[in-house]
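Open the model in your viewer and keep the selection panel at hand. We will go stop by stop.

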Number of protein chains: 2
Amino acid sequence: MQMDDRKKLILALIIKDYVETAEPVGSRVIVKKYAVNVSAATVRNEMADLEELGLLEQLHTSSGRIPSEKGFRYYVDYMMEKKSINDEEINVLQNILQTQTYEWLQAVEKISAFLSNLTNYVSFIVLPSFALNEFEHMEIFLLEPGKAVVFLVSDMGLVMHRKIEVGESISSEDLNEIAQMFNKIFHRKQISDIRRSDLQELRDRLKKKRKAIEKALESLDSMLNDSQEEKVMMSGALNMMNEPEFKDVDKLKRILTMLEKDGIIKNAVPTNPDKEAGIMIGSENILEDMKDLALVYAGYRTKNVIGKVGLLGPIRMEYGKAAGAVESIRELIEDIVKKF
Amino acid sequence: MQMDDRKKLILALIIKDYVETAEPVGSRVIVKKYAVNVSAATVRNEMADLEELGLLEQLHTSSGRIPSEKGFRYYVDYMMEKKSINDEEINVLQNILQTQTYEWLQAVEKISAFLSNLTNYVSFIVLPSFALNEFEHMEIFLLEPGKAVVFLVSDMGLVMHRKIEVGESISSEDLNEIAQMFNKIFHRKQISDIRRSDLQELRDRLKKKRKAIEKALESLDSMLNDSQEEKVMMSGALNMMNEPEFKDVDKLKRILTMLEKDGIIKNAVPTNPDKEAGIMIGSENILEDMKDLALVYAGYRTKNVIGKVGLLGPIRMEYGKAAGAVESIRELIEDIVKKF
DNA sequence: TATTAGCACTCGATAAAAGAGAGTGCTAAC
DNA sequence: GTTAGCACTCTCTTTTATCGAGTGCTAATA
């Protein structure tokens, strides 16, 4: 059996209606609500065909049809139109970013919130691991005798700081010297290339300021470790509460608990995502736990590193809108990155 | 009518059972389950008295009794025993803090998570506004020509940083000079005392490095603004899903949406909380939106500033455990503060 | 040959009725 | 003051009846 135009139309209408109402769609609805120029009986025949093709399913004999995962897949592959975010909305966001953010991380948070508000799905942004970037600069300064702060800056402009305790006898100049030494050795190295052996070498060179150096090394080490992981920003998790498929508290609980779990999203999104939005529908998802959800994602590039941005929602998702929004935001993030 | 010992016992047992089961408690349960040495009929008489006193209520004529808000209040005021966290658990937390935290904020996050895990309620910690503390130190350094980072340190050990753009011609030494100037003027001032007039004065003094100074001032200003607000850490919000009173998604949604709202907790907790746990039950709460919840809170002091810590849960709360936990954590926070 | 009107049938959803059971309040006896 | 006994109340669960949306099939129609 072949898909002809009428079958496509009916599939599209069923998806549209189902996405809107979350209810099975009957033949009458198609004819009346969408003013299709054939009778209900004809539509029923087509629906039976679509079911045979695996694109629709019936919850029970006398219910209307709902799109199957395969049905959504067909729609996404052959019929979907992406709806980009309009300029007005982008301007709103740009405005927020310009007036309210000073840091890259803060900006990411706002963007994520914006994306989830716009779509009413759960949005996420995965930040490329700091570890892939280059060591740009470090600095140590004395707060008071015995206490100092270590700063680490990557070329991406990420700044981290950590307080350390040093010997009471250590002076500002000592710390400066240490910092300069560090900078000389590490400058422009990939942070991930800095091995413990380097650190050991350094440790040997300066005997005198032993404690201070140890502590500085420790703090660097911990910052590196800390930043080795990709960070994930998620927002709008509570939007899931609005979806009728999760109106049962236990189901909702499963979903929200899962989303809260650290690293779940990192693992859910394929590595090396493209600029084009990728879509995973229900059981297509990598993770078993996500078989009741749909995922729309894309990758953004910052220098040589790839970050991810995307949306999570029910299988009954507005894929066109979601994909369009994700792609728009993906582009916007790349622009923002250049600024920071 | 007076409260005698038997009435107290029965009230306590009803509360205990109701907290445990979330079901109305009948006279038989009291007699059988808790091996009280009187007959069910006697208990019924006492229950009728307790109802007359307003400490119990009945959902309908033939249901068991549940404690009223007034009943919980009586219990809390006259009968509750606080259950502190045991040392073993405290050790677990201490361990986490020592091995996994480097920053005050990080520590607060862990503590809050610990508190919510321990009690299965929603925990929060309100950080005293940075603005109340003293300006300790600032530093500026050059990242690359035209770009610099400004650091601000308070005596509480809070460190903030912000990137700024300066003129290409500005050298490291210039920035140092500016920083020293700032430090001289502001050292040990209450951050909230730093007025724009001070900033203006400074601006006038150094004409040459105009742009750099402007930018540094701007960044300081924005950091100060940023930190003027109290920060709130909340964790375990999803614990609400476990409470039978919120098994209805709409109710749950109302609660979670409210909790997510920025500043709600800040406003919910009375100012100047004591070391002793304070308790607000249902409609005793300041905020109308919280009339279905109970709040247990205490204040911790850091130097001259007061922070807040507490728990939110259903009215049917284990008040003894909650109050004990909050007070233990309150103390622990004060200890931790001293370290940082 | 494709389309459609007509109709019996299915099955979930809602409503109404019946029954069970937990718990009470009251009375009278201890 | 306490308690056994008992009628009564009211929710909750189960059962039964009814409704109606939607289907699939058949036969008529264009």
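**The surfaces near the DNA**

H3(B) gives the most residues, four, to the surface near DNA strand C. This is a predicted model, in which local features need pLDDT of at least 70, side-chain atom pairs count only at pLDDT 80 or more, and totals for chains, interfaces and linings use all residues. Residues are numbered from 1 along each chain as its sequence is written, while chains are lettered from A and ligands numbered from 1 in the order in which they are written.

Select DNA strand C. It is surrounded by 20 residues (near: C-beta atom, placed from the backbone, within 6 Å of the strand). Closest are Val38(A), Ser39(A), Thr42(A), Ser62(A) and Gly26(B). Now colour the elements that give two or more residues: helix H3 (40-52) of chain A, plus helices H2 (27-33) and H3 (40-52) of chain B. Helices here are DSSP runs of H or I with at least four residues, strands are E runs of at least two, and both are numbered from the N terminus.

By type, this surface has six nonpolar, 11 polar and three charged residues. Nonpolar covers Ala, Val, Leu, Ile, Met, Phe, Trp, Tyr, Cys and Pro; charged covers Asp, Glu, Lys and Arg; the others, Gly among them, are polar.

Move to DNA strand D. H3(A) gives the most, four residues.

Finally, select chain A. It holds 12 helices and 10 strands.
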